[in-house]
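Trainee: I have a structure open and would like to go through it with you. Can we take it piece by piece?

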Amino acid sequence: MAYLITRLTDELGWARLEDLAAFEALLAAPGAHCVFVPGDPVRNLESTDVAVILPEIRQAFQNRFDVAIATPAIEQNILKAAGVFKTPSLIFFRDGAMIGAIPKVRDWDDYMARVTRILQFETA
């Protein structure tokens, strides 16, 4: 993984999802969760852009969700489970269910509008 992605776990202390057990544990935890699925940062330069923007998004929403980074070992499993097929993607979960996703890099206003709608979604 590129430095800008690994710094999210190494410097900010966000969880690194190495296997499906870690992903399932995240889904079982209370609260809202964002899983960052970066994809290949060498082939897709947008991955590092999202890695830079994501801490700012979380701060703008006053840490109303936690963030975990999917490793290449489980990226495809998470994308398939969520029905999302583009990377990079931010996939949001609450109460074990997906509540929304934001594929690809977006402009700031689009992130703010989309995350607001996603966090308002109530699971059944």
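Trainee: Is Tyr3 buried or exposed?

Mentor: Tyr3 is exposed, with a relative accessible area of 52%. Buried means under 20% relative accessible area, exposed over 50%, and partly exposed in between, using a 1.4 Å probe and protein chains only. Before we go on, this is a predicted model, where local features need pLDDT of at least 70, side-chain atom pairs count only at pLDDT 80 or more, and totals for chains, interfaces and linings use all residues. Residues are numbered from 1 along each chain as its sequence is written, and side-chain values use heavy atoms, with hydrogens and water left out.

Trainee: Which element is Tyr3 in?

Mentor: Tyr3 is found in helix α1. Helices (H or I, at least four residues) and strands (E, at least two) are DSSP runs, numbered from the N terminus.

Trainee: And Thr6, buried or exposed?

Mentor: Thr6 is buried, at 16% relative accessible area. Thr6 also lies in α1, which covers residues 3-10. A polar atom of the Thr6 side chain is 3.1 Å from the backbone oxygen of Tyr3.

Trainee: Which helix does α1 cross?

Mentor: The axes of α1 and helix α3 (residues 46-60) come within 8 Å and cross at roughly 35°. Axes are lines fitted to C-alpha atoms, for helices over the stretch in contact, and angles run from 0 to 180 degrees between N-to-C directions.

Trainee: Which residues make the contact?

Mentor: From α1 they are Leu4, Ile5, Arg7 and Leu8, and from α3 they are Ser47, Thr48, Ala51, Val52 and Pro55. Contact means heavy atoms within 4.5 Å.

Trainee: New topic. How many aromatic pairs are there?

Mentor: The count is two aromatic pairs. Rings of Phe, Tyr and Trp (its six-membered ring) pair if their centres lie within 6.5 Å; planes under 30 degrees apart count as stacked, over 60 as edge-to-face and the rest as tilted. Phe23 sits in helix α2 (residues 20-28) and Phe93 in strand β4 (residues 89-94), 70 residues apart. Both Phe23 and Phe93 are buried.

Trainee: What about Phe65 and Phe92?

Mentor: Phe65 and Phe92 form an edge-to-face pair, 5.3 Å centre to centre with 80° between the planes. Phe65 is in strand β3 (residues 65-70) and Phe92 in strand β4, 27 residues apart.

Trainee: Which residues touch the most others in the largest nonpolar core?

Mentor: Of its 23 residues, Phe36, Ile57, Phe65, Leu90, Phe92 and Val115 touch the most other members. A nonpolar core is a set of buried Ala, Val, Leu, Ile, Met, Phe, Trp, Tyr and Cys residues joined through side-chain atoms within 4.5 Å.

Trainee: Which element gives the most to this core?

Mentor: That is α5, with five residues. A second, separate core has 15 residues, including Leu27, Ile78, Leu79 and Phe93.

Trainee: Last one. Why does Val35 count as buried?

Mentor: Val35 counts as buried because its relative accessibility is 0%. Val35 is in strand β2. Leaving out residues up to four places away in sequence, Val35 touches several others, among them Leu17, Phe23, Ile78 and Phe93. Gln76 is 41 residues from Val35 in sequence, and their C-alpha atoms are 13 Å apart.

Definitions and conventions. A polar contact is a pair of N or O atoms within 3.5 Å; within protein, one must be able to donate a hydrogen and the other to accept it, and residues adjacent in sequence count only if both atoms are side-chain atoms.
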